[in-house]
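Open the model in your viewer and keep the selection tool ready. The tour moves from one selection to the next.

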Amino acid sequence: MAKMITTNNTTTTSLLFSSPSKTPSFNSLLNHNNKKNTCALFLNNPSLHSSYLCYRLTTTTPRVSTAPVEYAPSPPPNFNFNEEISRLKTLRTRLTYSKKLKHKLSIIDNDPRVKRFFSSGGVARVLNSFNLEANEVFLFKCVVAAGQEHMLSVLESSYAEEETVRSAVKSALYTLAEMIERWEIDSNGNGKTIGFNGHNNNGVVFSEEEIDDFKRLLKHLGEIERFYDCIGGIIGYQITVLELLAESTLVKHTSPKHISENLSRQLLEIHTPKGLDLSQNTEYASQVALWGIEGLPDLGEIYPLGGSADRLGLVDPDTGECLPAAMLPYCGRTLLEGLIRDLQAREYLYYKLYGKQCITPVAIMTSSAKKNHQHITSLCERLGWFGRGRSSFQLFEQPLVPAVSAEDGQWLVSKPFTPVCKPGGHGAIWKLAYDKGIFQWFYKHGRKGATVRQISNVVAATDLTLLALAGIGLRYNKNPGATEGVNVLIEKKDMDGKCAYGLSCIEYTEFDKFGITSGPLSANSNVLLAEFPANTNILYVDLPSVELIASSNNERSLPGMVLNTKKPIVYKDQFGQCHSAHGGRLECTMQSIADNFATTYSSKFINGGLEDGLDTFLVYNKRRRVTSSAKRKRKHMEKSLHQTPDGALLDILRNAYDILSQCDIKLPEIEGNDKYVDSGPPYLIFLHPALGPLWEVTRQKFKGGSISKGSELQIEVAEFMWKNVELDGSLIIVADNVLGSTKACRTEDPELHYGHRCARCKLDNVKVQNLGIDWEFLSNVYWKHDVERCGECKVILHGNAEFEAKDVVLQGNHLFEVPDGYKMKITSGNPGIAVQLDTIEEKMIDTGSWHWKYNIDGSRIRLELVEL
């Protein structure tokens with residue numbers, strides 16, 4: 001290990017090694033001996049018995065600032081981006097043309113940086129003592145060639161902002177190499193090696209933790225080299241990082257006007273894109289949504305869940321362990337459960353329309369960040385793969401990528417052999433899907449296209465947006481379509497002078513580059529942010545078209561590479577101390593896959609209707625029906641609810657208001673977010689998506705009545721009817737068989753069969769009155785649906801149970817629990833209520849005593865209540 005000690009006048013770098021012996025071991029000796037600014041290095045050698053070798057390494061430098069690293073100057077004066085990029089590009093070119101590993105090793109050995117690092121021979125012998133394979137040696141040398149030799153030290157690299165300190169660390173590393181070289185030869189001239197078990201008979205010792213870190217580093221480097229092979233592996237990763245850093249440095253010191261002038265050599269114009277507005281052209285919107293339902297057997301579902309979701313700050317309350325976004329308990333269930341629930345609602349609608357079972361294959365990209373892959377797998381297993389069977393899921397793990405300093409692209413290190421790593425953006429999903437065979441897996445399931453949605457957007461499946469998006473894509477064979485960057489129509493000129501047009505997304509980190517401003521237009525800005533529609537990362541993709549790009553073996557397969565250095569990288573070192581560095585990591589943007597589908601014309605397109613001829617498309621809808629994210633934790637006393645679970649809940653309630661208010665149900669309208677910053681929402685309404693999911697379907701199941709302020713309504717049953725119900729308090733209806741029942745399968749987990757033995761509930765001319773939620777209870781967490789109640793009316797339906805209440809007032813607390821195979825009727829009694837419990841007739845066990853019949857009438861869906 002190594003540690004930099006910053007003092008008033010000097011910077012002292014101490015190198016500490018220890019090894020087991022019969023004599024006392026010094027694992028961490030800093031012997032100041034009453035002398036300031038020096039440290040001793042003790043090497044315990046059993047052959048010396050009570051003697052110790054001591055090396056004193058002291059480097060005197062000017063005083064180093066202790067300001068946080070994010071305030072360090074960028075870049076250091078003596079670092080030349082262009083020279084480093086040129087050197088690495090030359091190396092990459094030579095490596096690309098060499099097909100054999102032996103030749104690649106020969107090439108990289110001639111790199112001046114690698115030569116310098118291994119010049120003493122000591123480091124090479126230490127690495128050789130680990131019995132590395134040739135490809136593993138190549139990976140390590142790539143790291144050195146990329147300028148990241150500090151990764152191979154067993155130093156505790158304490159990153160400072162000044163280049164003088166970094167030079168001191170590297171200088172100490174080379175000194176260590178020379179020491180190791182001398183140290184490996186004993187008095188008889190015999191070489192001593194370090195075995196992979198961490199120790200030898202006579203010399204250096206690595207701790208078990210360091211060995212484990214070493215093994216993990218080997219695995220990690222291999223993953224980076226393989227995933228980024230299309231741009232040159234580790235070397236290509238570093239080239240791209242440096243190019244983006246150099247570009248961002250140029251942007252900082254150049255006016256947007258000049259940047260736009262440079263871009264204009266390739267980019268002619270940015271236009272506001274046109275597309276179908278689902279909220280305006282309702283008849284056509286219904287038609288394309290029907291196409292989406294009809295085409296469900298041709299669709300797959302893709303969930304990019306690999307992100308670290310640091311802003312959400314989700315922690316297990318019992319263990320203190322950081323959790324991924326998929327595990328956020330939202331509205332009574334995890335976000336992942338919410339995604340599957342929305343999907344099953346669409347499959348249930350398909351069953352009701354066509355009488356056929358349809359199980360959509362789901363591909364989920366995970367990562368190792370916050371044990372993401374482990375948590376998601378465990379949740380799926382615990383819930384029996386949601387009654388869909390293990391074979392309908394494919395989980396594939398996204399590699400983590402090194403975080404880099406914004407100063408000069410140096411990889412941040414938390415401890416020896418351990419770079420600070422983060423997921424490399426959702427855009428990694430396309431190439432990774434190709435590498436892992438996901439496209440072929442979809443084809444085996446007979447799928448042509450796929451819908452893509454992110455975990456944090458809790459309203460993405462609201463009403464008809466997803467179905468309309470898929471319907472247009474399937475019917476017209478369109479490529480990626482998208483519904484907090486912005487969507488734009490890009491106009492470029494290619495090498496032949498032709499004009500190419502295509503839809504694209506500009507991330508908020510790139511606004512300056514394109515001269516986009518959120519405020520008034522100025523001399524340095526070209527366009528207003530408000531002119532463009534917000535990107536929501538809801539996509540439809542044509543699988544063969546996207547696979548073609550993903551397999552291209554060049555940078556096209558990694559769309560929209562960006563390096564966002566606007567947010568600090570926060571990490572902990574091996575001692576648990578927190579660090580914040582100004583930096584970022586190379587990320588790909590998922591929606592930028594659309595950049596690869598430009599349509600070319602011989603000249604500039606002047607007439608209208610351009611979008612109709614494009615291979616890509618957009619659809620629009622009201623924002624709260626398309627996107628509302630729970631992606632960041634609300635800070636204490638914060639006034640903004642934007643992108644918080646609290647704010648997303650208000651949009652869910654606004655959508656519930658839009659549904660029910662059109663059904664002659666009176667209820668308070670949700671006001672602006674600022675109204676609820678210091679209080680809870682005016683009511684809670686949670687409707688199972690299978691009541692629709694199309695609102696025109698849901699609205700036919702509700703008619704008349706009212707919901708008072710402060711009330712709570714939760715309906716977890718698809719076969720449901722509400723007629724003239726007045727609610728003042730809490731009404732909760734839950735069922736085991738919301739969509740159907742599971743049947744045992746000999747080869748897999750039990751599978752859900754839609755429509756089979758569903759639970760059912762009818763409410764006709766009913767008043768529900770109780771104290772409901774205790775709105776004064778301080779521990780209520782409304783977005784979790786974790787509340788204290790003073791009273792409630794609750795209906796629990798087991799199996800195919802049915803519940804009916806008619807012409808009755810349900811006042812006070814009530815719990816109606818109906819067993820499997822029974823039907824409960826509630827009517828007015830004298831006094832109070834009358835309860836009748838009957839068994840369901842044998843012939844109705846599977847189908848129930850009534851059901852909603854779904855009929856297609858032109859572009860509309862009409863419901864008919866059928867009594868059996």
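Begin by selecting helix α13. Its buried residues are Ala428, Ile429, Trp430, Lys431, Leu432 and Ala433. Buried means under 20% relative accessible area, exposed over 50%, and partly exposed in between, with a 1.4 Å probe and protein chains only. Just after α13, pick glycine 437: its phi is positive, about 75°.

A word on what you are viewing. This is a predicted model, in which local features need pLDDT of at least 70 and side-chain atom pairs count only at pLDDT 80 or more, while totals for chains, interfaces and linings use all residues. Residues are numbered from 1 along each chain as its sequence is written, and side-chain values use heavy atoms, leaving out hydrogens and water.

Zoom out to the whole protein. It has 18 helices and 46 strands. These are DSSP runs numbered from the N terminus: helices are H or I with at least four residues, strands are E with at least two. Of the 868 residues, 57% are buried.

**Two helix pairs**

Select α10 (residues 282-294) and α15 (residues 465-476). They pack at about 75°, with axes 7 Å apart. Axes are lines fitted to C-alpha atoms, for helices over the stretch in contact, and angles run from 0 to 180 degrees between N-to-C directions. The two helices are therefore roughly perpendicular; that label covers 65 to 115 degrees, with under 35 roughly parallel, over 145 roughly antiparallel and the rest oblique. On the α10 side, the contact includes Tyr284, Val288 and Trp291; on the α15 side, it includes Leu467, Ile472 and Tyr476. Contact means heavy atoms within 4.5 Å.

Next, select α5 (residues 134-145) and α7 (residues 208-227). Their angle is about 80° and their axes are 10 Å apart. That makes α5 roughly perpendicular to α7. Show Glu136, Phe138, Leu139, Phe140 and Val143 of α5 against Phe214, Leu217, Leu218, Leu221, Gly222 and Glu225 of α7.

**The loop between α16 and β24**

Which loop holds serine 552? It lies between α16 (543-550) and β24 (562-563). Serine 552 is buried, at 19% relative accessibility. Its side chain reaches the backbone oxygen of isoleucine 549 at 2.7 Å. A polar contact of 3.1 Å also links the side chains of serine 552 and asparagine 554. A polar contact is a pair of N or O atoms within 3.5 Å; within protein, one must be able to donate a hydrogen and the other to accept it, and residues adjacent in sequence count only if both atoms are side-chain atoms.

Stay in this loop and pick asparagine 553. Its phi is positive, about 60°, although it is not a glycine. Buried or exposed? Asparagine 553 is exposed, with a relative accessible area of 54%.

**Last stops**

Go to glutamine 643, between β30 (617-620) and α17 (645-660). Its phi is also positive, near 65°. Glutamine 643 is buried, at 14% relative accessibility.

Now look for two cis peptide bonds. One joins glycine 692 and proline 693, with omega about 0°. The other joins asparagine 830 and proline 831, again with omega about 0°. Most peptide bonds are trans.

Finish at asparagine 800, in the loop between β40 (793-797) and β41 (802-811). Asparagine 800 is buried, at 2% relative accessibility. Beyond neighbours within four places in sequence, its contacts include Asn737, Arg757, Asp820 and Ile845.
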